[in-house]
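Dear colleague,

Please find below the sequence and the structure that I am handing over to you. My findings follow directly after them, grouped by region.

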Amino acid sequence: MTDLHEDLRDDVRMLGESLGRTIQSDLGPEFLGRVEHIRQLAKAGRSEDKPEHQQLLEAIGELHEDEVLPIARAFTQFLNLANIAEEHHRVRRRLDNAAQDAPDAFGVLLDSLLAQGHDADELIDALRALDIDLVLTAHPTEVNRRTLIQKYDGITACLRQHDRGEPVQERIDELISQIWHTDEIRKLRPTPVDEAKWGFAVIENSLWAAVPRFLRELDQALEESIGRRLPLDCCPIRFSSWMGGDRDGNPNVTSAVTREVLLLSRWVALDLYIRAVDELRSELSMFNASAELRERVGDASEPYRALLGELKHDLLITREGIEAALEGYPPEAPLPLTHTDQLLAPLMLCHRSLIECRMPNIASGKLEDLIRRVACFGLTLVRLDIRQNADRHTAVLDELTGFYGLGRYSQWSEADRQAFLLRELASRRPLLPRQWQPSDEVQEVLDTCRVVAETDPCALGSYVISMASQPSDVLAVILLLQEQGIGHRMRVVPLFETLDDLDNASGCVDALLNIDWYRTYAGGHQEVMIGYSDSAKDAGQLAAAWGQYRAQQALTEVCARHGVKLTLFHGRGGTVGRGGGPSHTAILAQPPGSVAGSLRVTEQGEMIRFKFGVPELAIRNLELYTGAVLQATLAPPPAPHDDWREEMDRLAMAGLQAYRAVVREDPQFVPYFRAVTPEQELAKLPLGSRPAKRRADGGVESLRAIPWIFAWTQIRLMLPAWLGSDRALGDAIEQGELIQLQQMYANWPFFRTYIDMLEMVLAKSDVHIAAYYEQRLVSPELATLGSSLRARLEQAVARVKQIKSIDELLAQNPVIRQSIDVRNPYIDPLHFLQAELLYRDRNQPDRRLEQALMVTMAGISAGMRNTG
C-alpha cells in the first residue's frame, strides 16, 4: 500500500505544477519565476531574523500596480487547489480504511453502548426517536463564487479518476486554466434567492447521493451489532434552511423573497424526484406483483412501471403548478401532491410487492434509496425557518396600540404586555383594523406573517426571534401569526444571544411555561436557540462558552420541572470565535441531559461545503452527528464536580473583565482595530446578501460577528478566540491551580473541548504577521496596544501548553499541524501583500489595488480554511 500522505503531496504537486504552466502560458516565464521566487523566500524566511524575510518584504514592496493582482491570484489559487487535494485526501483515507475492514466508528459506538447495558430495543427506540436538524444558513462566509466551486468539484472528480489510474492531466490543465481566467471575486453581492439556490445545489450535488448511502451504512452497522434495522421511512437527520427566511438585519429578505424561496425549494425537490422516479421506472420492469399492487394497477404487464408512471404524472403536474405560482399565477385546481405520504405510499407499495414476490435484492436497491430520500427531504427538500428581531414585532404592536389610543406598547411593563397579548390571543375579533395604514416596515412584518400563515406547515421549521428577552417576545409573534390566519401551532423560538440574555434565558422560559395559555400552545415541546457568535463578541469566548453551558443546563432543568421536552438549537459558526469546531466533540461536551435525542444546529457558510460538499465527507459528518447525539442521549458525560464549576465561574468572570477592559474600555482599541485590520475594506467584498453592519453608522458594537472575526483572522491575531482566556488561565495558574485545570482537561469534556479549540486557533495565529500589519498601517501612538496584545497572545499559547503538558501546539494532532505548516509559504506572501495594498489603498486609492486587496482576503480565507 502506498503512503497516503505521499499521495496527498503528489496531488498538491500535480495541481501546483498545472497552475504554474497556466500562469506561464498567460504571463510568461519571467512572471512565473517571480511568483516562485516569492514563494521560496516565504518558505525560507519564516522567522524575522533570516535575511530571506527582509528580501521577501522588499520583493513585495517593489511590485508594480499591474503585478499585485496576478501575484495575489497566483497564491490564492494555489491555496484553493491545496484545499481540494486535502479534501480529496480525507475521502481517500476514509475509503482506504473501509477497504481494509477498519472498525466502523458507528459500529464501535453501538458495541460500546451494548457493553454499558443498553439492549437492542433501547438502541433501536433511541435511533427511531432521534431528531437531528441541520440548518443550512447563508451567513456570508463562502468566499468562493459558485461558478468556481463547480470547477473545483471538477478537479475533485479528476483526482478520483487519477486514483483509479485513469489519465486526467489534460482535463486538470483545462479546468485550472478556466479557473485562472475566471474572476474569483463576484462583481455583485448575491441576492437571498441566489444564496438559497446555492444551498439547494449542495443538496442536489452531494446530500442527495449521501443520505441514502449514510442510512444504508447505518442499517448495516445495526444489522452487524444487534441484528436489527431501522424502518425505511425513518431518518434521524433532516435539513432546514435560513436562506431566504433570515431577515434579521437583512432588508433584502422580504416577504416576497421568502415566498419565492419556499416555492423554489418545492420545485427543486419535485425535479429531483421526477428524475429519480424515471430512473427507477427503467429498472423495475418485473411482471410478478402482489395482489395489493394488482388491485391498484389492474392487469398491466409491467405493474411497477404502471404505478410509477402514475406517480411521475402527479409529480409533473405538481411541478407545473409550482412553476405557475412562481410566475404569479396560482394553480387553478388542487395539486395532486401536497403531502409527503402521497409520494411515499406508491413507493412503499412497490417495496411490499417486491418483498412478497421474493425479490428483496431488487427492493433494496434504487427503490429503498428513493424511499430514504423521501423520509429525509419530504416534498419540500428543506424546511424554512423564519428569523426576525424582537424589536420589529414590538414596532408592529406599538403602531397598533397607538392607532387604538391605548398608548405605546413599547413603553408598557412586561406584565401589561402579557395581559394585552393573552387577551387578544383569546379574543374572537380581529386585532388589525381595516382603516389602518401601517408604516412600510410594519407592513413588511405583517406580510411575512401572511406568507407563513399561507404556507404548508411541512415546508416550515421554526420562527426564531433574535434578541428575545421576555415571554411577551414569544407571545407577540404567535398573535401576529394568528391574526394572519395561521392554521397550525408553529414553533416560536426565543434566541438568547448576549451574556445577560443567556443568564436570564431559563427565567424567561420558566415564566413562559407558567402561562397556562402558552403551555397548551406549546404542546409539551419547547425549542430554545443559543447564540454563540454574539455572546462571544459581547463577552469574550471563555465567558461566552461558560454562559452557554450554564444556560443550557438551567433550561434543561426548567423544562424537566414543567414536564416539557426541550430541543436546544445551537447557532454555531465555522470559527472557534463563533462556536465552531468539530461537531461531535462539541455535542459530547454539552451539559448532561441537554441533548436527550433532539438537536438543531446551524451549518454556516463555507463549512457547508467543507462538511457536506462531497458525498463521502457528507456521509462521514452525518455519521458523526448521529453517533454523537445517540451517545449524548444514552450515555451522557457525568455532571462536573462542584469545584470545577466554581473554577469555571472564576475563570469566566476574570475572562469577561479582561476582554471588556480592552474591547469596551480602552479608548485606543477601536482606532487600533480599524487601522490594523481590513475591517473597513471588508465591506467592499461582496460576500453575502447581508450588510456587514446592523447599522450603517454603528461602531464595533454594531459590527456583525462574522466580519469582526474575519478582520482579526486576516492579520492572524485571532483576537476574538483568546482575548480574556490569557489572563483568566494565567491568573489561575499563578494562584497554584494548574493541577486542577489539568484534571478538568483530562476528565471534563466541556473544558477539554474548550482548551483543544483554543489550541487549534492559537496554532493558526502568528505574532510576526500581526506585527507587520501594525508596522505598515498603525500610527506610533497606537502601537503600544498592539505590542501588549501580541504579548498576551504568546501568554495564551504558554498557558495552553502548560495545561496540556506539551512543548509545541498541536503536538498530538500532527495532521492539522502539517496542514498549517504546508500552507504558510503561500499565505505569508498574501499577508505581506495585503498589508502593502492596504497602505497604498488608504493613501492613494486605485481600482486595481482594490481588486487585488479583495483577492488577498479570499486567499487568506482559503489558506486559513475559514472566514468568519
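In α18, the buried residues are P471, S472, D473, V474, L475, A476, V477, I478, L479, L480, L481 and E483. Please bear in mind throughout that this is a predicted model. The helix covers residues 471-483 and is mostly covered, with 12 of its 13 residues buried. From the first C-alpha of α18 to the last, the distance is 19 Å, close to the 18 Å expected at 1.5 Å a residue. After α18 comes G485, which has a positive phi, near 90 degrees.

Helix α15 (residues 390-403) packs against α18: their axes come within 10 Å and cross at roughly 60 degrees. The crossing in which α15 passes α18 is left-handed. On the α15 side, the contact is made by A390, H393, V396 and L397, and on the α18 side by D473, A476, V477, L479 and L480.

**The barrel**

Eight strands form a closed barrel with parallel pairing, in the order β1-β2-β3-β4-β5-β6-β7-β8. On average, neighbouring strands of this sheet are turned by 25 degrees against each other, direction ignored.

Strand β7 (residues 565-571) is mostly covered, since 6 of its 7 residues are buried. How many bridges does β7 form with β6? Strand β6 (residues 525-531) pairs with β7 in the parallel sense over 7 bridges. H525 has K565 of β7 as its bridge partner, and G531 has G571 of β7. With strand β8 (residues 598-604), β7 runs parallel and is joined by 2 bridges. Here F569 stands opposite R600 in β8.

Helix α25 (residues 615-634) lies across β1 (131-137), β2 (237-241) and β8, and its direction is at about 135 degrees to β1.

**Helices α32 and α35**

Helix α32 (residues 738-747) packs with helix α35 (residues 780-804) at an angle of about 70 degrees, and their axes are 8 Å apart. Angles of 65 to 115 degrees count as roughly perpendicular; α32 and α35 are therefore roughly perpendicular to each other. The residues that meet are L738, L741, Q742 and Y745 in α32 and Q802, I803 and K804 in α35.

V257 lies in helix α10, which covers residues 255-283. Is V257 buried or exposed? Its relative accessible area is 13%, and the cut-off for a buried residue is under 20%, so V257 is buried. Leaving aside residues up to four places away in sequence, V257 touches P192, V193, G244 and N252. T191 is 66 residues from V257 in sequence, while the two are 9.4 Å apart in space, C-alpha to C-alpha.

With kind regards

Definitions and conventions:
Residues numbered from 1 in each chain as written. Predicted model: local features only at pLDDT ≥ 70, side-chain atom pairs only at ≥ 80, totals over all residues. Heavy atoms only, no water. Buried < 20%, exposed > 50% of the residue type's maximum accessible area, 1.4 Å probe, protein only. Helix = DSSP H or I, 4+ residues; strand = E, 2+ residues; numbered from the N terminus. Pairing = 2+ DSSP bridges. Expected span 1.5 Å × (residues − 1). Axes fitted to C-alpha atoms, helices over the stretch in contact; angles between N-to-C directions. Left-handed = near helix turned anticlockwise from the far one by under 90°. Contact = heavy atoms within 4.5 Å. Parallel < 35°, antiparallel > 145°, perpendicular 65-115°, else oblique.
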